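Open your viewer and get ready to click along. We will go from a few annotated positions to the ligand and what surrounds it.

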Amino acid sequence: MSVEKNKFYEMTITDIGTNGEGVGKINDFVVFVPEAITGDQLEVKILKVKKNLAYGKIEKILSPSPRRSEVTCEVATKCGGCQLQHMSYEAQLEWKQSKVYNALTRIGGLKDIEVLPTLGMEAPAHYRNKAQYPIRKENGKVQIGFYMSRTHKVVDWSTCGIQDKRCEQIIEIVRNFLEVNNISIYDEETHKGLVRHLMIKTGFYTGEVMVCLVVNGNELPHSDKLLEALHAVEGLTSVLLNINKAKTNVILGHEVKVLEGRDYIIDTIGDLKFKISALSFFQVNPEQTKVLYDKALEYAELEGSETVWDAYCGIGTISLFLAQKAKKVYGVEIVAPAIENARENAALNDIHNAEFFVGKAEEVIPEQYANGLTADTIVVDPPRKGCDQALLETLVKMNPKKIVYVSCDPATLGRDLGYLDQQGYKVEKVQPVDMFPHTTHCETVVKLVK
Ligand code: SAH
């Protein structure tokens, strides 16, 4: 028996897929249903049928799973940013734990492993320290908010539940400034108009605030009026213009002009201070970053005599954390300005035992190894595509006692751990950390021992 498109069926959700969608069976068909969770009894409408699977949408919840959570965000379905809002936070954390377990066993082929319960937030709201809002004009009104999923239409929205609360006030100040002074707004189709995006960065521990307008031009008319209005924002440290005249979807250009204050804000993680500029990468959930880095440090088990590599080091955050406990830390990162920040951050914290290289981890580490540089412990924190095979091969040759793998993608983590396991590195601890509550993103720290 098959299922038919546009027909209605009753079904029970028995599992949650890797993208957070509910999964169940109708006849012999596996059916995927977004926004559904294990335990839901549903009436679904079938939207698409393939050979032996189908996609449906909820028509009616006949009996809700006890693990459902009421969706309070008014724009949840339009935005698509928080895909797991319909799950209780506890259910989200458990799903992330099982997602990591499935990737490690199915993709990595690992056996007898334990994945620890996900470390979640006590209050998983307003956790982000960086927001980027597109600005457009529709029917004569300035719209500041987010792109409706899969479109470039901007939905006006200032009260996002995961952004810093001060963003709301800043959005209203900027909107008022743009309207009252009749500042021209960017139009993607014609590539005309000035103001494209509003970016806000905040220091979670220091309270500092950066406001950055991205413009298709060189200056902002009446900027003194904007500055005057922004003085109402507590902690305002930095008002910037980012120049982006390119016809592109990339939000930021390379040039930054200071309208007022410094060109960076400072935030702390643990005992360390970090300079965060408009263009540099910094983890977006500061509270959980501390949890993640503390775990990485715990798994590195440093005693003070070790040489450590931090591969994919960004602005040197993990490297400097490690440097407090190791003899010497080497960091490598492909983005040159990030390495400049890493060196500045080392100086800012009076850390002198960290050295940084610009380049590809899979080239720099083998080169340095060929020059005789070995390591007791190696930390890797690659982007979603995981570690390059050449890097993994060099790691094995370097024969460190421990490898700490920080991952933002369970699938590539599974693949890389499968290889390292075959080469004699045993997975000793697997700890998911929830860096992105209400979304499907999943971060993990793993300890491997030779
Ligand atoms: N450890 C840092 C950054 C992790 S994000 C932190 O916690 O903040 C991953 C980093 O890897 C990014 O900064 C990206 O620029 C860098 N990267 C991507 N490909 C790389 C490669 N082949 N070699 C070195 N770094 C790379």
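Start by selecting Tyr 312: with a relative accessibility of 16% it counts as buried (under 20% relative accessible area; exposed is over 50%, partly exposed in between; 1.4 Å probe, protein chains only). Before moving on, note that this is a predicted model, in which local features need pLDDT of at least 70 and side-chain atom pairs count only at pLDDT 80 or more, while totals for chains, interfaces and linings use all residues. Residues are numbered from 1 along each chain as its sequence is written, and side-chain values use heavy atoms, leaving out hydrogens and water.

Tyr 312 sits in the loop between strand S15 (307–311) and helix H6 (317–323); helices (H or I, at least four residues) and strands (E, at least two) are DSSP runs numbered from the N terminus.

Next, select Gln 283. You will find it in the loop between strand S14 (272–277) and helix H5 (286–300), and it is buried too, at 11% relative accessible area.

Now show the ligand. Its shell has 17 residues, and the closest include Gln 283, Glu 333 and Asp 381 (near: a heavy atom within 4 Å).

The protein buries 87% of the 570 Å² that the ligand exposes when taken alone (Shrake-Rupley method, 1.4 Å probe).
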